[in-house]
Amino acid sequence: MKKKYKGIDLFCGIGGFRLAMNSSQVECVFSSDNDKFAQQTYEANFHEVPTGDIKAVDEKDIPKFDILTAGFPCQPFSYAGEKQGFNDEVRGTLFFDVCRILEYHKPPMVFLENVKGLKSHDKGKTLQTVLDTLKKLGYYPHWTILSSLDYGLPQKRERWYCVAFRTDVDFEWPKPIKGHPVLRDIIEMNDRNPSLAISKFELDRIDYHFANAKPGDRIQHDNSKYKPNTKKGKYGVFSFQKTDGSLRFHVGDPAKTQIQEAFYSCLDTYASTIIANRTPKLWDIRRKLSVLESKRLQGFPDDFVFPVSDAQAYKQLGNSVSVPIIVKIMNNMIKTYEKSLEYPPNCSRLTQQDLIIRELEEKRRSWADS
């Protein structure tokens, strides 16, 4: 990296993007999050309290920067009004605040993250609004869906990622890593904290499955405890074990779409997605992940501090980005930007190739002279 970059960390949560900035030697000059508990965790690790409500921040008061990062919340986008400019399309959403900051500062790089469902939300209209708005603001967006499982974490966490530049560049997403770790690689096997134990109700169902199932069997459980008019009472609860060892419980008639009710991983496979109100559980060690293990699941360092309750820590990790994939994307983004400065996009591809060849020839001459 040829120069020192500055970044801002919007909807920063506990600082997953901030860790990626640190890894890429990007100085964070502004952070913002409205959650007081997330602010506490951010301060404990980065020694500054994020600004609160971004809606109350005047974009003119934000220091100059090169990179805007934001895991912006995906509220429904309004299609009311005359739609004359991005203000009418995104007004009332937090994405509007990203847009007004971009419009004023015009940084060369933008890095956004959101849930996978953004792609299909409102039949794709929300995503199209995001992309069209970025284009109206003078950016060339590149987006994709990537899974943390392909980038060094034992968690199938699919997310929408978007990088955007003020010039039309060739951007490559980081290539997947071959293979992936399994939960055994992050588990503290000696941790027997009783607060992590799976409930007796769940254990009884797990034990019932293994007492009655042969490989590939789909086991029906007693649904008499559920009211007849509920989905569980009407269609029943079933369990089956996948070939990777994970155990699934679902509700539904075998002839119809089945609704997943519970997912239990095991040591030799990956975890389900950690979210704010659900921590992955393992049937074979009969407990959920600890906060330490959940940090590892999201790629946070072991020494990352949580000055909040465990319940808040789980919630914050569930709402966070997966750090390793953010690091890789940011690194590629900065390299792409630097290359665009070296070989301006208004040059033809042939001209760019000529420049590269010329550099190689100059290097050969210098080697020959030496």
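Mentor: In this predicted model, the largest pocket holds about 720 Å³ of space.

Trainee: Which residues are closest to its centre?
Mentor: Phe11, Asp33, Gly71, Pro73 and Asn319 are the closest to the centre, out of 34 residues that line the largest pocket.

Trainee: And which element gives the largest share of the lining?
Mentor: That is H9, with five residues. Helix H9 spans 310–319, and helix H1 (16–23) and strand E4 (109–115) also supply at least two lining residues each.

Trainee: How many of the lining residues are charged?
Mentor: Seven are charged, while 14 are nonpolar and 13 are polar.

Trainee: Turning to the strands, how many bridges join E7 to E8?
Mentor: Four bridges join them, and the two strands run antiparallel. E7 covers residues 218–221 and E8 covers residues 237–241.

Trainee: What stands opposite Ile219 there?
Mentor: Ser239 in E8 does. Ser239 also stands opposite Phe249 in E9. E9, residues 247–251, pairs with E8 over five bridges, in the antiparallel sense.

Trainee: What lies between E8 and E9?
Mentor: Five residues separate the strands of that hairpin, and Gly245 takes a positive phi near 100 degrees.

Trainee: How many helices and strands does the protein have?
Mentor: There are 11 helices and 12 strands. Of the 370 residues in the protein, 47% are buried.

Trainee: What about the surface?
Mentor: The accessible surface comes to about 18800 Å², and carbon and sulfur atoms account for 50% of it.

Technical notes
Residues are numbered from 1 along each chain as its sequence is written. This is a predicted model: local features need pLDDT of at least 70, side-chain atom pairs count only at pLDDT 80 or more; totals for chains, interfaces and linings use all residues. Side-chain values use heavy atoms; hydrogens and water are left out. On a 1 Å grid over the protein atoms alone, a cavity is a set of points where a 1.4 Å probe fits but cannot get out, and a pocket is an open set with protein on both sides within 12 Å along at least five of seven lines; lining residues have an atom within 4 Å of a point. Grid points are joined across faces, edges and corners, and a volume is the space filled by probe spheres set on the points. Ala, Val, Leu, Ile, Met, Phe, Trp, Tyr, Cys and Pro count as nonpolar, Asp, Glu, Lys and Arg as charged, and the others, Gly among them, as polar. Buried means under 20% relative accessible area, exposed over 50%, partly exposed in between (1.4 Å probe, protein chains only). Accessible areas come from the Shrake-Rupley method with a 1.4 Å probe; for residues, only the protein chains shown count as cover. Two strands pair if DSSP finds at least two bridges between them.
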